Every structure is written in C-alpha cells, then in structure tokens.
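Biologist: I am new to this structure and would like to learn how to read its features one at a time. Please give the general idea before each case.

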Amino acid sequence: MKPLFITWEYPPIKAGGIAAHCEDLATTMADQGHEPIVLTYGPEKETEYRDGVEIHRIPSTNNAENTLAWAMHLGHQIEKKAIQLYKQKDFDLVHAHDWMTVSAATGIKNTLSLPMVFTVHSTQKGRDGIDSQYQRTIHNLEWYGTYEADQVITVGREFSEEVKHTFEVPDGKLNYIPNGVNLEKFDQHNASFNKNNYALDWEEIILFVGRMYPQKGPGHLIEAMPEIIDQNPHAKFIMCGSGATEHYKNIAKNHVGDKVYFPGYVSDKDLLSLMKNARMTVAPSVYEPFGIVPLEAAACETATVGSYTGGMKDTIIHEYTGLHTYPEDSNSISYQVNRALDDPGWTEWLGDNARERVEDNFRWEQISAWTTGVYKKTITN
Amino acid sequence: MKVLILSKEFRDGEGVSEYCKNIAEHLVEKGNEVTILSFDDGSYYSTRKEVEVRRVPVPFEGDNIYNWSMILNNELKRQAAELGEEKFDIVHANDWTTVPGGVTLAKHFNKPLLLTVHSTENERGFNEDHSEIISELEWQGVYDADKILTTNEGTKNSVLFDLDAPDEKVEVIDPYTENWRERVLKNYQNLVKQQKAPVNQA
C-alpha cells in the first residue's frame, strides 16, 4: 500500500510522541513491503530517504499569530507538495495525525479525491480544555478531522470511547490500535552510563519522564515524595522532561531537597540508560490517552507505577507488570512506590513480566498490520 | 469556454459577489459555461439561470477569518473535484480568501489561475491579528497565479510593491468602465490558449 503520512513532526524534529509514532509505523510498513511517503514540517525544503521511507520536509511561516494559524498555513504548503508528487506517483490514501494536520489532510482528500484515515493521539478537551475560543477552534478542527475521515484510529481503548462521545464518531468508523515500542532500539542500547551524574551509589533511582505540566501529574508525585523518603531513604527521584520545570523544581526542592534532581534536557542515550538503571518509573498522569512511558520502561525491564487512567489501564497490569495508583492521589502513589521499594525482588519480577508482555502485545509489526488492515477497509468502502 | 469562479461569498449587494455575477452573466450570454463556488451563508442571491451556483456549508467554526477560510477552501475543493475537470478550463479566484483553493485546483487539474485582488491587506490597514499571515498568503497567491487583475491603480501598485508581482502579470480592469467584462473574457481566452500551447507541456 502507498499511504501518504501527514504529520507536523517527524524525527529528528520532535516535541511530543507523534514523531516517534510516525517514524516507527512508517519504517515498519516499509519493512513489510509498503511504500509510505511522509510529508512533514522542516525549516528547509528537503527530501530524504531513510529506512525505506520517503520523507519530504516543507517549511511553514514565521508570520503566524499562533500555532493554529501556523498549522493552517503549513497545511496549504503540504497540499501543494502532495499535488506535485501526485503527478509522478499514486497514493492510496492520506493518513493524518492529530489536529495540526487536519487542514492539510482534508484539503488533499478533497482535491485528489483520496480516502482519509485520521489517528487521534489526544484531544484538546483532554489536554487542557475547551474554554477559550482558541481552544474551541482546535476542538472544532479535531471534530472536522473525525467527520471527514473515512476511518478514525485511536491509540487507547478507553480513549476510543472518549473520542466516540466527544466527536460523535459512528461505531463502524472507529478503530483502537495501541502504540508500539521499537524493542530493537532498546536492546541495541548499551551506552556507558555514569550513575553518579544523577544519584549516589547507594541510592535507587525512581524515574519520571514527561512534560512538566499538570496533565502529566508531576505535582502529585512531588507531594508523595516526603512519605517515600521517610520509609525508604535510599530513594532518589529523577524528573526528566521540559515544560514548567522551574515551577516544579522549586516545590520539590522544598519538600525533599537533594533527594530530587531535575536534569533538564536528557539525551535519548542517557534516558534509555536511566530507564534501564531505574528501580521503577512513575507515571502519575491525570490524563493519558495512551502513555508510552510504561511500555518504554517495560522494554528496559523496568516496572511502572502509573495512574489507573486512560491507556495505562491497559499498558500496566496491577501487581503483574507494575502497580496502579488512584489518579491525582499522592497517598496512593507513596503507598505503591514504597511497596515496590520494600521488595526489590518482586519489583524486578514485575519488570521482567512487563518486558515479556510488550514482546507479545505491543510490537510495531503487529500494529502496522492492523493499520494497513484499516487502510484496506477504507479503500474497499 | 468553461470558467470556475471561486468567491468567499455570493449574495446580492456584496461587492465581490456582484463583480463575479456580472462576469458570469456576461459569459453565459456569450455562450460560455460558468460555475460559481462559494460559502452558503444563507442569504439571498439572484442571477441568470444559466449560471451554475454552488454554495456550500462550512461545518467548522473558526476563531477568526483566516482559519475559517482555510477550511472553507477545503470545502470548495471538494465541490470542484466533484464537478470534475471537464467542467472548467480555467480557475478564477477572488482575494486571499479563495487563494488556497484556486492554487491547488489549478495545479492539480493543470488549469490556468486568474486571481482578482480586490484589495490587499496593506490597503486594508494591516492591523488585524492575522494580517501578516494573510499578507503572506496574498503574496503566495500572486506568485502562483498566472495573471492578476485589480479593479484600480492603487491596488495594482500595492500588488506590485507590497506583494512583489512583476508588472506584466498585473492588469487593471475597472468594473466601472465600458467593455470591462469583454476584457476579463479576453484574459480567460489568452490564459487558456497559453496553457494549451505545446511549450507548456512540462
């Protein structure tokens, strides 16, 4: 099949999880004999062939008042590129990822009369609400994407219900396909790692990975920290991720001083090392359509203590691959983290189970096959 | 000659609508086919029955005219693609609000694009939140169009100096002058002839 991927971010450009998702999916499809073409943003016009995937980068504007207008402008540029490519090659369909690409994908769909698949990774309503007119416009654009798409894919089972009800998507149009993990990437990683950059020899790393915003719940973990340190003084919290770092850092330092460390930007290399060396990861998210961190940790044989919400209801099995906590409940977090720290052998067993489960259930080969199955359904309809 | 006219709106008494209507009625009188595509704002319009008018709803509420127009254009593209390329020899867009549709339809169906700039963002004061990005879209439309019409010298100057158009690409056709509609038709004919010339096969 020849899908045309539209994504605003594709590695090495990445801010959220869509970049990695698109790269892993496109690369796996290419391995399976498909011919994905990626149209994405880039500061310069550029064409690249990488891992069997043809990638075209298209610049946007410096004149946009906000991200929404920027995305609309990029959409028009991407569509012009698609039309130019279409003169030399066929695409079977256009596959868009999140609201940033809705204007591009619907434009291409209409001009070239192609089917459209739309993957919803998260919603504006869930991210930070639809109170302002700006937020509502993004919400409307998300609706327009689901309305225009022939098939909609969501990355979480519970999230699928949210998308269905928020945008009134008919049943036959909605598909749940989870995210995957590229296990090779984790297995090939064996970079030297200096633990002393992050923690003392006798300390056990408890890792948080995510943007420092309320949605990811770093504040709830910080509230739980004193209780954990009381019971397990060898715990050391490493808080990786960008966002409102200074804000959370100040609060955390007041709570537990040197027992928490905010390294700021962490390279992929170090992040994987941290995941492999951590006693556990903690994912205290308030809202999480899918949540890739538990699966990445699992690939490193590390268990996750995560909120019982959204995708983590499926990606963590309580007391088998990790531990669930009540969302927005710091007592629940400290209780479960202490349980895991109190019994290191058990926690390792959880991590091993997590890895096994990822190998069986969250491989890109499988996800890619499911996705092309949706493509087939789209084309034959 | 079959002409596809794109206009943000099409209703009686509105300037750009009347401009399009005048051209369309003249064209059908001379035995040409015209389709006008625009937003359906529910207001009244009238024209000769030979003029095909398709007004479309836009199922998207935007926070401003820029974002809304981008989706309007996607709806116009759908209509045009449904009509099929045999329904038009040339695309005539009006102002930046129909530039994205005009440009992509012309490119995809290999038709010439005529753009009438009724006014530029510079002339309108350049003082809206989205003035810069609108002006950039005007610049691109002027760049991508095969020919630009303006209705007065002032707008032509703005198209030349603010939007960097080459002088030979821009023509003033004032709709308050005699034979202005014949001159528009002449432009259509020239553009279609150029498009069909063998040198342009690439």
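Modeller: Two packed helices are described by the angle between their axes and the distance between the axes. Here the axes of α2(A) and α3(B) come within 9 Å and cross at roughly 10°. That makes α2(A) roughly parallel to α3(B). This is a predicted model, in which local features need pLDDT of at least 70, side-chain atom pairs count only at pLDDT 80 or more, and totals for chains, interfaces and linings use all residues. Residues are numbered from 1 along each chain as its sequence is written, while chains are lettered from A and ligands numbered from 1 in the order in which they are written.

Biologist: How are helices, axes and the word "parallel" defined?

Modeller: Helices (H or I, at least four residues) and strands (E, at least two) are DSSP runs, numbered from the N terminus. Axes are lines fitted to C-alpha atoms, for helices over the stretch in contact, and angles run from 0 to 180 degrees between N-to-C directions. Angles under 35 degrees count as roughly parallel, over 145 as roughly antiparallel, 65 to 115 as roughly perpendicular and the rest as oblique.

Biologist: Which residues of α2(A) and α3(B) meet?

Modeller: From α2(A) come H76(A), E79(A), K80(A) and I83(A), and from α3(B) come P100(B), V103(B), T104(B), K107(B) and H108(B). Two residues are in contact if their C-beta atoms, placed from the backbone, lie within 7 Å. By class, the contact of α2(A) with α3(B) has 3 nonpolar, 3 polar and 3 charged residues. Ala, Val, Leu, Ile, Met, Phe, Trp, Tyr, Cys and Pro count as nonpolar, Asp, Glu, Lys and Arg as charged, and the others, Gly among them, as polar.

Biologist: How many residues does each chain give to the contact between chains A and B?

Modeller: Chain A gives 27 residues and chain B gives 24 residues. On the side of chain A that touches chain B, α2 (67-86), α3 (102-112) and α5 (133-148) each supply at least two residues. The largest share of that side, 9 residues, comes from α2(A). The side of chain A divides into 10 nonpolar, 14 polar and 3 charged residues.

Biologist: What angle and distance describe α2 and α3 within chain B?

Modeller: Helix α2 (residues 65-83) and helix α3 (residues 99-109) of chain B pack at an angle of about 35°, with their axes 8 Å apart. The crossing of α2(B) and α3(B) is right-handed; a crossing is left-handed if the near helix is turned anticlockwise from the far one by less than a right angle, and right-handed if clockwise. In this contact, M70(B), N73(B), L76(B), K77(B) and A80(B) of α2(B) meet P100(B), G101(B), T104(B) and L105(B) of α3(B). The classes are 5 nonpolar, 3 polar and 1 charged.

Biologist: At what angle do α1(B) and α6(B) cross?

Modeller: The axes of helix α1 (residues 15-29) and helix α6 (residues 180-196) of chain B cross at roughly 75° and come within 10 Å. That makes α1(B) roughly perpendicular to α6(B). N22(B), I23(B), H26(B) and L27(B) of α1(B) touch R181(B), V184(B) and L185(B) of α6(B).

Biologist: Which domains does chain A have?

Modeller: Domain bounds come from an automatic or database domain assignment. For chain A the assignment gives domain 1 (3-180 + 363-380) and domain 2 (184-361). Their centres, taken over C-alpha atoms, are separated by 30 Å. In chain A, 13 residues of domain 1 are in contact with 9 residues of domain 2. On the domain 1 side, α6(A) gives the most, with 3 residues.

Biologist: How should I read the overall dimensions?

Modeller: The radius of gyration is taken over C-alpha atoms, and the globule rule is 2.2 Å times the number of residues to the power 0.38. With 381 residues, a compact globule would have a radius near 21 Å, and chain A has 21 Å, which agrees. For the 202 residues of chain B the rule gives a value near 17 Å, and chain B has 16 Å, which also agrees. Chain A has 15 helices and 14 strands, and chain B has 6 helices and 7 strands.

Biologist: What should I look for in the backbone?

Modeller: Most residues other than glycine have a negative phi, and most peptide bonds are trans. A cis peptide bond joins P11(A) and P12(A), with omega about 10°. P12(A) lies in the loop between β1 (3-7) and α1 (18-31) of chain A. E328(A), a residue other than glycine, has a positive phi near 55°. E328(A) sits in the loop between β14 (322-325) and α13 (330-342) of chain A.
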